[in-house]
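Subject: Structure for you to look at

Hello,

Here is the structure I said I would pass on. My notes on it follow below.

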Amino acid sequence: MRIKIRVKHLVSFVLLPAFLLILLFNFLPSSKAQMEESPAIQFNLARTELLQKLESTTGSKRMELIQTNIIDKEHAYDPYRYDVNIGPSMSQWNHDEPSISDLLPEDKIALLEEYILDGPANNTRIFAVKLLAYEYDALGRKEDGDQALITATKQLASNSHVAQELTLLRAERALNRGDITAAEAILEQTTLSSENQQVLDAQKAWLTGRLLFTKGKAQEALAVVDNGLESYQKFWQDIHKQMSLTTSNSDKDTADKDAAGSASISPPTIGTSETELQLEALRIAIQSAVDMGNTSTAVVSGTLTRSDGTPVSRAGIFLRAESEVHHSITSADSYRIVTDDEGRFEFYGVIPGFYQLQLGLSYDQIDGWAWPIQYDDWIEVKPGDLLKESVVLQPLIELQSPINQETLTGKNVDFRWKAVKGAAYYRLSGGVSMVGSSFSSQIRDHITDNQVSIPVDELYYNSGFSYGSGGEGFESIDPLSFLVFMNPEARFSWNIEAFDADGHLLTRSSGYRLNEDTVGNLPFFYLKERELTTADRLLLNKKPDQAIEMYQQNVADDPEDAHALHMLVKLMLAKSSLTKDDSLEDQAIPLLQKLIQLHPYSNYAFTLTQYYFDHKDWKSYNEYYSRYIELSQTKGDDYDRSINAIALMHQGKLTEARKQFSIALEHDDSHRFIGSYLAAELYAGESLASVLTLAERYPEHSFGLNGYRWPQMIKQLIAERTKQPDNFDQELKEKLGWYMDGQTDVSKQWIDSTKSSALKTFIQAVLAVS
């Protein structure tokens, strides 16, 4: 067994530390709180001073002041760069100082218009125009933004790089507002010829591909984007080869001149540019839409407000496709817009597919608020859709105890927080943070009251077997992730999430708190119920192998030393996972069986269940799965049901397996086990047509995978079956039978020896489900 983390718990493990770090970062005294004057007075003074300085300056010096105080300062040359980006798949914040302007929007508009007319005709003018258009868009004056581009372009030679890039930007804005006629006219009239033509050609290919798809010419769009991407990549590959050759010759000359030798200089690595990212993302989106027969665009619109009804203006809204959500937001994102003064946004020409919304906000906008988004919140955009997607920020949950660095020494920790209206249950998570490291995990789920008393033993021993690693090798493990609440020298934090009866997140306590009005009670406390052992200190000193030996000695001295047993099992499982030494895992299992007798916690039962599942010991699996369900006091979550369905399937209990799959997939928005469910349905005799319906109902959303891949595979099976139906049905039944019986080796041998086919692709995908 390799250490596994259930998907819904993985979110807590990965994302929560980021929120806690944000809390730590933002709980530092803010500049606002330290101001002697009010923020309004401070702003007015800075604005007056800057305007007076500009008034007394003329010519190039004045242009330099505008550039320094607006263009350079505002968003670091990207109008869509924000202090905080929040989304279902990832959240990030800018480590720079918060972007607080000293000027009002009308000030910036007037000065930027002046700069566009009188400033230097270089790339800075491009940034100035983009920023000016952004300011107009935020005021709902998109036509003025378009006119700013026209005015700026007229000041330049038509064949200059700056003029041509501004022209392409005009075409992009026309596409974004759904004006296909204007976009087509601009692109048709644009002849590119400048010193940076390859980049401009690629950008034009990107725009043309979008335009053609919007006009219903999907195959032509795909061809244009493919050619544009190929040409752009070849251009940079040629540049790279030339640089390599030049460097190689230079090194040879150096070696001839200096027999003693010197360090050779390697050519720089050419990374993926934003232009290439744009083209690749568009190619993937169009290809997927073509494969599914979805060849007409849609419109996605909505509003961003707070729960009290106030709109959030000047916020970034990003509509991000599946292939884009797992990397940071860049200027390559196709669908991005700024909300107007009513918090409204609207995207035209959206290619059908699966998307997630992400927000770009200033610290002031998110201060004291949370966007209750969950990892698997997806938007399916279908052909011709007019989708409305409203985003509502909710107040952060107020924590009541333990708070504000409180030190606890008792046998229980009493957590209490302010009740949330409409909440059916709460989820409690907690963690530990020290300099350079943090770790968190779920403590208890489905808490029906706004308070709960957790025994410290539960905090100690039921926090899971996940671990953190600072690099490669067992010596790099993070001791914080092993001791967690058992470390009396660490400071702990906690977080509450509130859910409605359908399992939808309502709000949470972790978030951004910036000033005295929103900081409230800090979620930090110390737990001093125990003292560190010698083995614990070895672990904290990053000597895990020595710690294992000491824990082993502790168990030998006292076979019922639960702490030593727990740490020994945890370390052995981690080392087994990192070193791929399965014998360590086998040695840990008897210790874990003894540990669950001393501390009957669901986490121990779950780990044993995983072990026996992997070893296909179904008798032991069934025993510990029942124990796990009993100890967790639930019927199992989506992940548990899906894994159990696979176990039942391998035991020949197909009817019950299908029932468990049906229940699990209805509630698991990731649908990560859909492949196994489809295989079970087909083996039970269901038709490919009915299975296709299931595949379309439950799109899989896993990292790097297309939500339409299972429907596409089923469609390919249907097409392949038409050639020889009887032979196909017989072969499908045989191959699925191997999967049902757990004959993985036989399946893999067949895959390795057979030629490509739709059936081979499908069976490969089913075997990869995990």
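The model is predicted. I began with the aromatic rings, and the count comes to 31 aromatic pairs. One of them is formed by Tyr 639 and Phe 673, whose ring centres lie 5.8 Å apart. Their planes stand at 65 degrees to each other, and the pair is edge-to-face, since the class begins over 60 degrees. Tyr 639 sits in helix 23 (residues 638-650), while Phe 673 sits in the loop between helix 24 (654-667) and helix 25, so the pair ties together parts that are 34 residues apart in sequence.

Next, the helix packing.

Helix 25 (residues 674-683) and helix 28 (residues 725-740) have axes that come within 10 Å and cross at roughly 125 degrees. The two helices are therefore oblique to each other, and helix 25 passes helix 28 in a left-handed crossing. On the helix 25 side the contact involves Ser 676, Ala 679, Ala 680, Leu 682 and Tyr 683. Facing them in helix 28 are Lys 733, Leu 736, Gly 737, Tyr 739 and Met 740. Sorted by class, this contact has seven nonpolar residues, two polar and one charged.

Helix 26 (residues 688-697) packs with helix 27 (residues 709-721) at an angle of about 165 degrees, and their axes are 8 Å apart. Angles over 145 degrees count as roughly antiparallel, so helix 26 is roughly antiparallel to helix 27. Here too the crossing is left-handed, with helix 26 passing helix 27. Helix 26 contributes Leu 688, Val 691, Leu 692, Ala 695 and Glu 696 to the contact. From helix 27 come Trp 710, Pro 711, Ile 714, Lys 715, Leu 717, Ile 718 and Arg 721. By class, this contact has nine nonpolar residues, three charged and no polar.

Regards

Conventions
Residues are numbered from 1 along each chain as its sequence is written. This is a predicted model: local features need pLDDT of at least 70, side-chain atom pairs count only at pLDDT 80 or more; totals for chains, interfaces and linings use all residues. Side-chain values use heavy atoms; hydrogens and water are left out. Axes are lines fitted to C-alpha atoms, for helices over the stretch in contact, and angles run from 0 to 180 degrees between N-to-C directions. Helices (H or I, at least four residues) and strands (E, at least two) are DSSP runs, numbered from the N terminus. Angles under 35 degrees count as roughly parallel, over 145 as roughly antiparallel, 65 to 115 as roughly perpendicular and the rest as oblique. A crossing is left-handed if the near helix is turned anticlockwise from the far one by less than a right angle, and right-handed if clockwise. Contact means heavy atoms within 4.5 Å. Ala, Val, Leu, Ile, Met, Phe, Trp, Tyr, Cys and Pro count as nonpolar, Asp, Glu, Lys and Arg as charged, and the others, Gly among them, as polar. Rings of Phe, Tyr and Trp (its six-membered ring) pair if their centres lie within 6.5 Å; planes under 30 degrees apart count as stacked, over 60 as edge-to-face and the rest as tilted.
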